[in-house]
Each structure stands twice: as C-alpha cells, then as structure tokens.
Amino acid sequence: MFVHVSALQSVGRRSLAIKLLEEEPSAAQQVPLLISLAKGAGSTSASGHPADSPGGEAAEDTLSRALRKAVDARDPDLVYLALFAAYRSRPLPEFWKMVGPRPTARNLFVKYTRVKVCVCAWLACPAACKRYARACPAG
C-alpha cells in the first residue's frame, strides 16, 4: 500500500492517495501514511510553520484525519504518533484547536507532558523533586 500512496503523492495525486487510504481497514497502516502525506503536503514558511496556502490547509486536514483515525482505533501508540506529528508541524494554537475537541487525544497529550516534566525535574534535582513524588505520575 505504501508504494502506491507515495507514488500517487509524488505525481501530485494526493486526493486519490487519501481515497485509496480510506479503503485500508487497518488504522495501524492508515495513520502513518496519512502523516507522511501531511508532511509532503505542508509547505513551511521561514519561521518553520506551515505557510498559509492550500498545501498547509491540506496538511492540516490530513493530520486531523490521522488523529481522528488513531482515536477511533483506540490505540494510544497511534494517537501519540499523530499527536507528535501535529505538535511538530503546527503552531501551538492550531495544535490545540485540533486536539481540544478530542478528549482522548487531549488527555493523552496532557498525561505525556506531565510525566515528561516530572521526569525532567527529577533528573535535574532529585532531592528537590521528592516533595512531588506522590503527585508525579512517573513516580
């Protein structure tokens, strides 16, 4: 499937590639391919954020679709994959606009950031972090 989708994207048939992906029954195969289509469609400006262009809008739509498919599959690994792709490629307000309406995705992202902050604080100064040990989800 990947060869067909990447070949269709390389010749400018992105919408056909997305329609072909809709026929794939496995979300585990759909989500990574949708993310790769979004990366190929998104153009970035000098600031590193997607430009306001049809390509940027198409990439946003494809990332939203990937996130929706991951949430519908109830696979946390797929949700994290889609979340991190969106987080890396979108400004924070756009990211939260996409993630906010999806409680599962939002809660997984918040959980990840809490664990990351707690672990980073513990690595920096374990003695100072002891008072947070009971509240820390990583502890």
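## Aromatic cluster

Y87, F95, W96 and F109 form one aromatic cluster in this predicted model. The structure holds eight aromatic pairs. One of them joins Y87 and F95, edge-to-face, with 5.3 Å centre to centre and 75 degrees between the planes. Y87 is partly exposed, at a relative accessible area of 43%. F95 is buried, at 0%.

Y87 also pairs with F109. Here the ring centres lie 5.4 Å apart and the planes meet at 45 degrees, so the pair is tilted. This pair links distant parts of the chain: Y87 sits in helix α5 and F109 in helix α7, 22 residues apart. F109 is buried, with a relative accessible area of 6%.

## Surface patch

With L92 and W96, Y87 forms a nonpolar patch on the surface. Together the three residues have about 300 Å² of accessible area. L92 lies in helix α6. Its relative accessible area is 46%, so L92 counts as partly exposed.

## Nonpolar core

In soluble globular proteins, nonpolar side chains tend to be buried together. The largest nonpolar core here has 28 residues. Those that touch the most other members are V31, I35, L63, L67, V79, L83 and A105. Two or more residues come from each of α2 (14–22), α3 (27–41), α4 (54–73), α5 (76–89), α6 (92–99) and α7 (103–124).

What does V31 contact, leaving aside its neighbours within four places in sequence? The list is A66, K69, A70, L78, L81 and A82.

## Salt bridge

Side chains of opposite charge can pair when their charged atoms come close. The count for this model comes to one salt bridge. R65 forms it with D61, and the closest N and O atoms are 3.5 Å apart. Both residues are in helix α4, four residues apart, so about one helical turn separates them. D61 is partly exposed, with a relative accessible area of 42%.

## Overall architecture

The protein has eight helices and zero strands. From the N terminus on, the elements run α-α-α-α-α-α-α-α. Of its 139 residues, 35% count as buried.

Take the contacts with a separation of 6 or more: residues 24 or more positions apart account for 53% of them. The protein exposes about 8600 Å². Carbon and sulfur atoms supply 59% of that area.

Methods:
Residues are numbered from 1 along each chain as its sequence is written. This is a predicted model: local features need pLDDT of at least 70, side-chain atom pairs count only at pLDDT 80 or more; totals for chains, interfaces and linings use all residues. Side-chain values use heavy atoms; hydrogens and water are left out. A nonpolar core is a set of buried Ala, Val, Leu, Ile, Met, Phe, Trp, Tyr and Cys residues joined through side-chain atoms within 4.5 Å. Buried means under 20% relative accessible area, exposed over 50%, partly exposed in between (1.4 Å probe, protein chains only). Contact means heavy atoms within 4.5 Å. Patches are made of residues with over 30% relative accessible area and no salt bridge: like charges are joined within 9 Å, nonpolar side chains (Val, Leu, Ile, Met, Phe, Trp, Tyr) within 5 Å. Accessible areas come from the Shrake-Rupley method with a 1.4 Å probe; for residues, only the protein chains shown count as cover. A salt bridge is a side-chain nitrogen of Lys or Arg within 4 Å of a carboxyl oxygen of Asp or Glu. Rings of Phe, Tyr and Trp (its six-membered ring) pair if their centres lie within 6.5 Å; planes under 30 degrees apart count as stacked, over 60 as edge-to-face and the rest as tilted.
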